[in-house]
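Here's a quick look around one protein model. Have the sequence and the 3D view open as you read.

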Amino acid sequence: MAPKRPEGAGAFPIPVESPAPKPPDPSELYAALDLGTNSCRMLVAQPKGSQFHVVDSFSKSVQLGAGLEKSGRLSRSSMARTIQALRICQQKLKRHKVKHMRLVTTEACRRAKNSREFIRQVRRETGLQLDIIKPEEEARLAVISCAPLVSTKTEQLLVVDIGGGSTELVWIDLSSVPPRERPRAIMRLHAGFHPPESPFPAAKVVDWISVPLGVATLRDQFSDVEDDAARFALMSWFFEENLSEFAPYKDEQEREGFQIIGTSGTVTTVAASHLGLKRYDRTKVDGLRMTSDQIDRVIRGYLDLGAAGRRADPRIGMDRQALIMSGSAILQALMRCWPTDRLSVADRGLREGLLYAQMSANGVLEDGPF
C-alpha cells in the first residue's frame, strides 16, 4: 500500500511579498537650496537618528555670477539659466510635498545691483522665495555641516568653505570642550557664533572672515594673464594677501591638535584626482585626510596637464575645468599659511548646514540637545 501523501505536498509555496517601501511622510521632509555664484544645488531629506537620509537632490552649474565682476549686475542670460534650474527644484519640492524648507542665495546676490529684481522675478516665475544670507550665516552653516568630521583630538579647528564668489574661514577653539563632546559642540553653533549661556561645553569662535574671492571671482580677477603657471601663482599670492586681517593668520599655532576641514567642489575634485577615481564616489571622498604633499602633487599635475588636458580629465569635468586652478590657488595658499600637513575633505557644505539647522531647531534629531 502506497504511503499516504502528506497534505499539501508538492503544492506551490505561498509567495511572501515584502511590503513596498512606504513613501516618506511629507511632514517629516526638509529641503535646503543653495544658489551660489556658480551652482544651484538642493537636497530633500528626512531626519534619521542624529543624521538625515537624502530623499532627492539636484545640482547644476548655472553661472549666476558670470560677468558680475565687470558689470556689477546679474546678466539676463545667467538669470534665465538660473530660473530654468529653479523650476526643476520647484517641481521636486511640489512632488514631495515638502513643508519645511530654507532656500538661500549667497555672494552673487549680495553683490549684484539688480539682485532684488532677480529675487522678485524668481518668486513670480517659480513661486520660490529666496533669502540672501549674510556672510556670517553662510560661514556658520558650513561649519555645522562639518561637525561629524571633527576629530575628538582636535583642539584648534579651521573650517574653510571655498565658494564661487567668496571663501569663508572660521577658526574655532575646542580646547575647553571634553574630547567626546567636540563634534556636538560644533553642531550647537547653529544658534550663532556667540550663542547665549548654555550648560553644555561651548566651542569658542576665535575669528571668522568672508573673503570676497571664490573660484569664479578670483579667476575673473586674473583672466587677462595668459601664462597658466604665472596666473596660478598670482591668484595664490593675491588670495593670501586678503587673509591679512584674519587674526589667527598672524599668530604662531601648535601643530598638535590642529585640524583644517575643507568643504567645496575644489577640495573634493582634488581628492578624487588623488584617489584616481574613474567615477566620483562620495563615500571614498567625504572624510578623507590628505597631506599637503599629496595636494601639491595633484595641483602640479593639473598645471602639467594645461587647459586642454584639464578639460579632458574626467575627474575635473567640463563644469569645473575653468575653475579648478583658481580653487587650487586658494587651497595651496591655505595649506601654506597654517601649521598642518593634513586636510580633512568634506563633501558637504551649505545645504547640509541648512538641513541640520532646521532639524536641530525643530528638535527632530536624536542623540542629544543641539
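Three elements each give at least two residues to the lining of the largest cavity: strand S6 (156–162), strand S9 (258–263) and helix H13 (324–337). Helices (H or I, at least four residues) and strands (E, at least two) are DSSP runs, numbered from the N terminus. H13 supplies the largest share of that lining, with 3 residues.

The lining is made up of Val-160, Ile-162, Ile-260, Gly-262, Val-267, Leu-331, Leu-334, Met-335 and Leu-343. By class that's 8 nonpolar, 1 polar and no charged. Here Ala, Val, Leu, Ile, Met, Phe, Trp, Tyr, Cys and Pro count as nonpolar, Asp, Glu, Lys and Arg as charged, and the others, Gly among them, as polar.

## About the model

This is a predicted model, where local features need pLDDT of at least 70 and side-chain atom pairs count only at 80 or more, while totals for chains, interfaces and linings use all residues. Residues are numbered from 1 along each chain as its sequence is written, and side-chain values use heavy atoms, leaving out hydrogens and water.

## Where two helices meet

Now over to helix H8 (residues 228–241) and helix H11 (residues 292–312), which pack at an angle of about 125° with axes 10 Å apart. Axes are lines fitted to C-alpha atoms, for helices over the stretch in contact, and angles run from 0 to 180 degrees between N-to-C directions.

Asp-228, Ala-229 and Phe-232 from H8 meet Ile-299, Leu-303, Gly-306, Ala-307 and Arg-310 from H11 (contact means heavy atoms within 4.5 Å). This contact of H8 with H11 has 5 nonpolar, 1 polar and 2 charged residues.

Terms used
1 Å grid on protein atoms, 1.4 Å probe; cavity = no way out; pocket = protein on both sides within 12 Å on 5 of 7 lines; lining within 4 Å.
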